[in-house]
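Please look through the structure shown below before reading on.

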Amino acid sequence: MDLKDHIRGIPDFPKPGILFYDVSPLLAHGPAWKAAIDRLAEAVRPHQPDVLVGIESRGFLVAAPLALALGIGFVMVRKHGKLPGDKVAHSYDLEYGTDIIEVQADAVKPGQRVVVLDDLLATGGTMAAAVTLLRQIGADVRAAAFLVELTFLNGRERLDVPCHSLMAYDE
């Protein structure tokens, strides 16, 4: 099954000149969604993760069912102010400004093997920030995985972990 058949390109979203790669049709098609989770499981399993981490918000849609399929836990990395309890935060630079992501302080135990997931790899800034944040709390970040990678934005170059993507777009 060609998973790209289930990705919709939406021009000029969220602003003119941007082509948005929408994973909604993939999520809505049961056999394609199952195939995507099965393929991600094959890519992630060799890293022997103890827990999967999803980045808000579409990363949750990928990491949670994959963690269930692998029989392991799921942890959320969220935007500032969205998690209860004790948190660890990391501020990082965006194209125009900064952002803050957080994880619950006890979500990952020191030394636990982690794979971080998001729906799409573009410039790699948010994923690099998530990897840094998880290392701050002692995680052994083994890899990152994505449904879609926009290779022309070179996001992989910002990451110092192995990267797995199911689909790549060169433009």
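Gln 48 sits in the loop that joins α2 to β3, where helices (H or I, at least four residues) and strands (E, at least two) are DSSP runs, numbered from the N terminus. This is a predicted model, in which local features need pLDDT of at least 70 and side-chain atom pairs count only at pLDDT 80 or more, while totals for chains, interfaces and linings use all residues. Residues are numbered from 1 along each chain as its sequence is written, and side-chain values use heavy atoms, with hydrogens and water left out.

**Backbone details in loops**

- Although Gln 48 is not a glycine, its phi is positive, at about 50 degrees.
- Asn 154, found in the loop between β8 and β9 (163-169), is not a glycine either, and has a positive phi of about 60 degrees.
- The peptide bond from Phe 13 to Pro 14 is cis, with omega near 5 degrees, and Pro 14 has its place in the loop between β1 (8-11) and β2.
- A cis peptide bond also leads from Glu 56 to Ser 57, with omega near -10 degrees, and Ser 57 lies in the loop between β3 (51-55) and α3.

**The pair α2 and α3**

- The axes of helix α2 (residues 30-44) and helix α3 (residues 58-70) come within 10 Å and cross at roughly 70 degrees, where axes are lines fitted to C-alpha atoms, for helices over the stretch in contact, and angles run from 0 to 180 degrees between N-to-C directions.
- In α2, Trp 33, Ile 37, Leu 40, Ala 41 and Val 44 meet Leu 61, Val 62, Pro 65, Leu 66, Ala 69 and Leu 70 of α3, contact meaning heavy atoms within 4.5 Å.
- The residues of this contact divide into eleven nonpolar, no polar and no charged (Ala, Val, Leu, Ile, Met, Phe, Trp, Tyr, Cys and Pro count as nonpolar, Asp, Glu, Lys and Arg as charged, and the others, Gly among them, as polar).

**The largest pocket**

- About 1,300 Å³ of space lies in the largest pocket (on a 1 Å grid over the protein atoms alone, a pocket is an open set of points where a 1.4 Å probe fits, with protein on both sides within 12 Å along at least five of seven lines; lining residues have an atom within 4 Å of a point). A volume is the space filled by probe spheres set on the points.
- Of the 38 residues that line this pocket, Arg 58, Leu 120, Ala 122, Thr 123 and Thr 126 are the closest to its centre.
- The lining divides into 20 nonpolar, six polar and twelve charged residues, and its largest share, four residues, comes from β7.
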